[in-house]
Amino acid sequence: MLPSTSRRTKRLIALGAGVVAVALAVTGCSSGSGSSGGSGDKNYKITFLPKNLGNPYFDTSDKGGKTAVESFKGTYNEVGPSTATADAQVSYINTLTQQQVGAIVLSANDPTALGSALTQAKSAGVKIVTFDSDTDAKYRDVFVNQATADGIAKVQVDTIAKEIGDSGEVAILSAAANATNQNAWIELMKKDLAKDHPNIKLVDTVYGNDDDQTSFDKTAALLQTHPNLKGIISPTTVGIAAAARYLSTSDAKGKVKLTGLGTPNQMREYVKNGTVDEFALWNPEDLGYLAAFTAKALIDGKITGKKGDTFEAGKLGKFTVGDNATVLLGDPFVFDKDNIDKFNF
């Protein structure tokens, strides 16, 4: 786990088949729970709803959430769909509202499609914290942002520009076409490339839908479609790992540069074997931890989402709510062969 002190000092790092079926999934098929009850009269039943289950990134972030919830003697749960779609998340939100949880901590698969379900949840007194991928602000109480969109976009563009000599064709391998965070970063990357890197041409943007095999196949297709491709940016942990897996056994290894957002444990072998030089991320475990404490602060009435509200987030220290009811974890961190073995997530 990335130490909180390093974070401070570096500042560089599925309605489905029916409500009954979903309720069974929520109560009987969750990935784990924390302590058996809340604390006093506070409803510390906090459920994490990631974009999809089985995603190493969310496994890590939700682990941090579990640690945080257990630390303040709440009840932790994690539920979610197997595929990253907004429709798949709606049923879980509806069921959690019926179960009267205290808070839902959500990484949204669409900025607006969850709106009706989230509005009903808020009307029922459920606190809504988004993290990683936001909804429109009116549908949640607070968004916990991993890093500024500008910072995330810039670190990826700067890295690929350095690796390809600031000239040539590049492509983007994204997650879902309607993923809020991905699209925000991509638009900023396009602007950065046009403004500061005129000799780099973005020739394609493709979508692997945060599915390993789809992302792997999209990587192969990019190389076939664009024989002069010099670099790929994949701002998704599933995508970058799948792309690296393809490149590592192809003739393009070392010739087509790859960067983006990944976790050290996913990317270690590809950094060490020369497929990838550098990639970036924040600490997703800290992100989940902060999101859980943000939910607690809302439940406690310590914050409402108003700019200037402050709260304590356990070992991570004090945080302040900023514009648009957003809490910022910190800046991206760049991983390479010299530091990757210092991290385990």
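Predicted model: local features only at pLDDT ≥ 70, side-chain atom pairs only at ≥ 80, totals over all residues.

Biologist: Okay, and where does Ser215 sit?

Modeller: Ser215 is in helix H8, which covers residues 212–225.

Biologist: Is Ser215 buried or exposed?

Modeller: Buried, because its relative accessible area is 1% and the cut-off for buried is under 20%.

Biologist: Switching topic: what volume does the largest cavity have?

Modeller: About 140 Å³ for the largest cavity. It is lined by 15 residues, and the closest to its centre are Tyr57, Asp132, Gln182, Thr236 and Thr237.

Biologist: Which helices supply at least two residues of that lining?

Modeller: Helix H3 (56–71) and helix H7 (180–196) each do. H7 gives the largest share, three residues.

Biologist: And how does that lining split by class?

Modeller: The largest cavity has seven nonpolar, five polar and three charged residues in its lining.

Biologist: What about the second largest cavity, what's its volume?

Modeller: That one comes to about 40 Å³.

Biologist: Which residues line the second largest cavity?

Modeller: Its lining is made of Lys51, Ala84, Asn109, Ala175, Ala176, Ala179, Asn209 and Asp210. By class, that's four nonpolar, two polar and two charged.

Terms used: Residues numbered from 1 in each chain as written. Heavy atoms only, no water. Helix = DSSP H or I, 4+ residues; strand = E, 2+ residues; numbered from the N terminus. Buried < 20%, exposed > 50% of the residue type's maximum accessible area, 1.4 Å probe, protein only. 1 Å grid on protein atoms, 1.4 Å probe; cavity = no way out; pocket = protein on both sides within 12 Å on 5 of 7 lines; lining within 4 Å. Points joined across faces, edges and corners; volume = space filled by probe spheres on them. Nonpolar A, V, L, I, M, F, W, Y, C, P; charged D, E, K, R; others polar.
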